[in-house]
Amino acid sequence: FLYDRYCAGVGSQSETTERRDLVGVYGLYALHRRLLHANTIPDAKLHKHLWTTFPQQCPVINLIGDLAFFPTEFIAQYAPFEVKGCDQVESVANTASFVTKFDA
C-alpha cells in the first residue's frame with residue numbers, strides 16, 4: 001500500500017519527498033470519495049487508517065512558506081465520514097500540541 005510506504009519513510013534518514021507525496025495520497029482519497037456513487041458506503045477501515053496513522057506522526061505538513069497542509073482537517077472537509085475513533089476535537093488538540101512543541 002502506497003500510503004504505508006510513505007508513512008514508513010517519514011522521519012527516516014532517507015526521507016526526501018514522502019511528506020509531500022502523502023498530500024497527493026490524501027488528494028486521491030478525496031477524489032475517490034467524490035467519485036463513489038451516493039448509495040455506496042465508504043470503507044471505514046481505510047478512512048480510519050488515513051485519519052490516524054500519519055497524523056499521529058506529523059499532524060501538519062509545511063508545503064511552502066506559510067502554506068500548511070493538515071491531513072485530518074482535509075479529510076473532514078473533503079471526505080467526511082463518521083467513524084468511531086476519528087474525533088475532530090482530539091485531532092485539533094494533537095495538532096496544536098505538535099505545533100506548540102516546535103514553536104517554543
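Visitor: Which residues are exposed on the other side of α5?
Guide: Those are V89, E90, T100, K101 and D103. "Exposed" stands for over 50% relative accessible area, "buried" for under 20%, and "partly exposed" for anything in between (1.4 Å probe, protein chains only).

Visitor: And what am I looking at here?
Guide: It's a predicted model, where local features need pLDDT of at least 70 and side-chain atom pairs count only at pLDDT 80 or more, while totals for chains, interfaces and linings use all residues. Residues are numbered from 1 along each chain as its sequence is written, and side-chain values use heavy atoms, with hydrogens and water left out.

Visitor: Back to α5, then. Which of its residues are buried?
Guide: S91, T95 and F98. Down the helix axis they fall within an arc of 65°, so they line one face of α5. That arc is taken from the directions running from the helix axis to the C-beta atoms.

Visitor: What covers the buried residues of α5?
Guide: The cover includes α3 and α4. As for the labels, helices (H or I, at least four residues) and strands (E, at least two) are DSSP runs, numbered from the N terminus.

Visitor: How far apart are the end C-alpha atoms of α5?
Guide: They sit 22 Å apart, which agrees with the 22 Å that its 16 residues should span at 1.5 Å a residue. The expected span is 1.5 Å times one less than the number of residues in the helix.

Visitor: Can we zoom in on T95? What does T95 touch?
Guide: P59 and F70, if you skip residues up to four places away in sequence. Touching, or contact, means heavy atoms within 4.5 Å. T95 is in helix α5, residues 88-103, and counts as buried at 8% relative accessibility.

Visitor: Now α4. Which residues are buried there?
Guide: P71, T72, F74 and I75. They cover an arc of only 160° around the axis, which puts them on the same side of α4. These buried residues pack against α2, α3, β2 and α5.

Visitor: T72 is in that list. What does T72 touch?
Guide: W51, P55, Q88 and S91, again leaving out residues up to four places away in sequence. The relative accessible area of T72 is 4%.

Visitor: New topic: how many residues does helix α2 have?
Guide: It has 18, running over residues 18-35. From first C-alpha to last, α2 reaches 26 Å, close to the 26 Å expected at 1.5 Å a residue.

Visitor: And which ones in α2 are buried?
Guide: E18, L22, V23, V25, Y26, Y29, A30 and R33. They take up an arc of only 160° around the axis, and that puts them on the same side of α2.

Visitor: What covers the buried residues of α2?
Guide: The cover includes α1 (2-9), α3 (44-57), β1 (61-64), β2 (67-69) and α4 (71-78).

Visitor: What about the face of α2 turned away from its buried side, which exposed residues does it carry?
Guide: L28, R34 and L35. There's also a nonpolar patch on the surface formed by L28, L31 and L35, with about 330 Å² of accessible area together. L31, in helix α2, is partly exposed at 46%.

Visitor: What are patches made of?
Guide: Residues with over 30% relative accessible area and no salt bridge; like charges are joined within 9 Å, and nonpolar side chains (Val, Leu, Ile, Met, Phe, Trp, Tyr) within 5 Å. The accessible areas come from the Shrake-Rupley method with a 1.4 Å probe, and for residues only the protein chains shown count as cover.

Visitor: Last one: how many Å apart in space are I41 and F81?
Guide: 9.3 Å, C-alpha to C-alpha, though they are 40 residues apart in sequence. I41 lies in the loop between α2 and α3 and counts as exposed at 68%. For another pair, H32 and V99 are 67 residues apart in sequence and 30 Å apart in space, C-alpha to C-alpha. H32 lies in helix α2 and is partly exposed, at 42%.

Methods
Salt bridge = Lys/Arg side-chain N within 4 Å of Asp/Glu carboxyl O.
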